[in-house]
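Hi,

Here is the structure I promised to pass on.

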Amino acid sequence: MNNRFIIIILLICNSASYAQRLSLENYRERVLNYSLVLKQSKEEISGAIAGKKIAFKGYLPFLDVNANGSLDLREINTWAGEAGDYRNHTYSGELALAQPLYTGGLLKAKNKVAQSDVQLSYLNQELTLDEINYQSDATYWNVSARQALYHSAQEFYQIIKKQHDIISDRFTDGMISRTDLLMISNRLKEAELQQLIALKDYTLAAQSMNILMGLSPNAPIDSIAKISIFQERPVLLPLSEVLLRRADYLNTEINITRQKQISKIAIAKFNPQLNFHVNGGWGDTSRTIGRNPVFFSMANLSLNIPILRWGERKQTKAQSQAFLVIKELQQNFIVDRINEQLCGANTKIAQSESQVKIAIENTNLAQENLDIVTFSYNEGKASMVDVLSAQLSWAQAQSNVINAYLSHKMALTEYRKVVSEE
C-alpha cells in the first residue's frame, strides 16, 4: 500500500513538473494570443473585407430622397397669401432612383482593387506572424542561453570557492605562501562578480520574455528547454519553392495586378459613361399666382463620350505604366533579397554546426585540463598561475559552447523565418 502511495505521489509530481514546462511551441502560442500587432492586422483584414463589400455596392441602384424649400426674405409678410396672391416661397420633395449602366470599366476595376486589398491584408498578416514567431523564438533561446550562462557562472564560482577553501586551510597551516591565497581570493571575487552580471542578464532576458506574452515582467517563468537541446537540421528548400511560401514575394505579385487595375480606374474617366435616372416628387418650385402644388416625374438616360482632353489620356497611360514598372522592379528586388537571406541562413546553419562541435571538444579539453592542473597543484607539482589559467580556460570554454549553441538555434530560427515555416 505504501509503495502504491509513493508511486501516485511521484506521478503527480511529474505531471505538475510537466505542466509547468514551457516549450517553444507553447511560448509561441502565448505570444500570438497576446500580440497587439497581430490583433491590429486582423482588424486590417476586417476593414479590407468591408471595403470589398462597399466596392460591390457600386453595381447596385441607389435611391435618394431630396427635399428643398426657399423663402424670399424681402416679402416675408406675404408668407400665407390667399388664392391669386403672390407666394414668396417654394418647396418640393423628390424620390430619385439611379442605376449606372456603363462606367468605362471603373466599377469593375474598383472591385478588383478591393479584392487585391483583401489578399494583401491576409499576406500582411502572414508577414506579421513570421515576425512574431521569429521574435518569440529568438527571445526564448536568448533566455535559455542566459540561464545556461548564469548556471555556468554559479558552477565556476563553486569551483573557485572549493579551491579557495582548500588553499585557505593550507595557508592557515603554514603550508603555502600568502601570494597563492591572494591570487585565488582575487579570482573568487571575479567569479562572484561574473555571477552577478550573469544573473542580471538572465533577469533582463526573462523580463522581456514575460512582457512579450503579456505577463508581469517579474513573474516567475516556467521551466524552459535547455540551450543544448538537439534540433534536427531542416530540409533545405530551393529558391523557387521558398518564393511561393514568402508573403512579401506574393505581395509584390498582387501589387502588380492591383496597379494594373488602378491604371484602368485612371483611364475610365476617358471612356463613355452611360447612366439611367428615374425621379418623381411633389411640390411647388416656382413663385406663381394661384398655382397649386403638383406631382412631377421624369426618366433620364444620359450618355457622356469624352472627345478632346488635350492628350491627358495619353499622359495618364504613361504615368500608370511608369508606376507598373516600379512595382515590377520592386518584385525583382524582393527576389534578390530573399535569395540573399536564404543563402545566408544556409551558411549560418552549416557554420554554427561546426562551431558547436568544436566548442564541445574544447569544453571537454578544458575540463580535463582543469582537473589535472588542480590535482597537480594540490600535490605540489603545479603553480597557482597554472591553476588560474586552467580556470580561466574552463570558464571561456563554457561561455563559448553556450554561445555556439545559441548561434545554432538562431541560425535555425532565421531559416524558419526565411522559408516562412510555421
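This is a predicted model: local features need pLDDT of at least 70, side-chain atom pairs count only at pLDDT 80 or more; totals for chains, interfaces and linings use all residues.

Of the chain's 422 residues, 35% count as buried. The exposed surface comes to about 25700 Å², with carbon and sulfur atoms supplying 57% of it. In secondary structure the chain has nine helices and six strands. Take the contacts between residues at least 6 apart in sequence: 83% of those join residues at least 24 apart.

H5 has 35 residues, and from its first C-alpha to its last it reaches 51 Å, close to the 51 Å expected at 1.5 Å a residue. After H5 comes Gly 214, with a positive phi near 80°. Helix H9, residues 384–418, also has 35 residues. Its reach from first C-alpha to last is 51 Å, again close to the 51 Å expected at 1.5 Å a residue. Just after H9, Ser 420 has a positive phi too, about 55°.

In soluble globular proteins, nonpolar side chains tend to be buried together. Here the largest nonpolar core has 30 residues, and the members that touch the most others are Tyr 27, Tyr 140, Trp 141, Met 209, Ile 227 and Ile 402. Helices H2 (24–34), H4 (106–172), H5 (178–212), H8 (312–378) and H9 each put at least two residues into this core. H4 gives the largest share, nine residues. There is also a second, separate core of 19 residues, which includes Leu 188, Leu 370, Val 373 and Ala 395.

Tyr 140 deserves a click while you are in there. Its relative accessible area is 0%, so Tyr 140 is buried. Setting aside neighbours within four places in sequence, Tyr 140 is in contact with Leu 22, Ser 23, Leu 24, Tyr 27, Met 209, Ile 224 and Ala 225. Two of the residues named there, Tyr 27 and Met 209, are also on the list of core members that touch the most others.

**Rings**

A search of the whole structure gives five aromatic pairs. One of them is Tyr 140 with Trp 141, an edge-to-face pair at 5.2 Å centre to centre and 90° between the planes. Trp 141 is buried as well, because its relative accessible area of 3% falls under the 20% cut-off. Ring pairs join Tyr 27, Tyr 140 and Trp 141 into a cluster.

Another pair is Tyr 150 with Tyr 202, which is stacked: 6.2 Å centre to centre, with 5° between the planes. Tyr 150 lies in helix H4 and Tyr 202 in helix H5, so this pair ties together parts that are 52 residues apart in sequence. Tyr 150 has a relative accessible area of 15% and is buried; Tyr 202, at 15% relative accessibility, counts as buried too.

Two lysines turn up over rings. Lys 409 lies over the face of Trp 141, at 5.2 Å from the ring centre. Lys 417 has its charged end over the ring of Tyr 134, 4.7 Å from the centre.

**Some single residues**

Which residues does Ser 116 touch, not counting those up to four places away in sequence? They are Ile 254 and Arg 258. Ser 116 is found in helix H4, and with a relative accessible area of 5% it is buried.

Ala 266 lies in helix H7, residues 247–268. At 25% relative accessibility, Ala 266 counts as partly exposed, because that value lies between the 20% and 50% cut-offs. Apart from neighbours within four places in sequence, Ala 266 is in contact with Thr 316 and Ser 320. The C-alphas of Ala 266 and Ser 320 are 8.1 Å apart in space, although the two are 54 residues apart in sequence.

On the strand side, Phe 62 is found in E2, residues 62–71. Phe 62 is partly exposed, with a relative accessible area of 43%. Leaving out neighbours within four places in sequence, its contacts are Ala 96, Leu 97, Ala 98 and Pro 100. Phe 62 and Ala 96 are 34 residues apart in sequence, and their C-alphas are 8.3 Å apart in space.

Cheers

Key:
Residues are numbered from 1 along each chain as its sequence is written. Side-chain values use heavy atoms; hydrogens and water are left out. Helices (H or I, at least four residues) and strands (E, at least two) are DSSP runs, numbered from the N terminus. Buried means under 20% relative accessible area, exposed over 50%, partly exposed in between (1.4 Å probe, protein chains only). Contact means heavy atoms within 4.5 Å. The expected span of a helix is 1.5 Å times one less than its number of residues. A nonpolar core is a set of buried Ala, Val, Leu, Ile, Met, Phe, Trp, Tyr and Cys residues joined through side-chain atoms within 4.5 Å. Rings of Phe, Tyr and Trp (its six-membered ring) pair if their centres lie within 6.5 Å; planes under 30 degrees apart count as stacked, over 60 as edge-to-face and the rest as tilted. A charge sits over a ring if NZ of Lys or CZ of Arg is within 6 Å of the ring centre and within 35 degrees of the ring normal. Accessible areas come from the Shrake-Rupley method with a 1.4 Å probe; for residues, only the protein chains shown count as cover.
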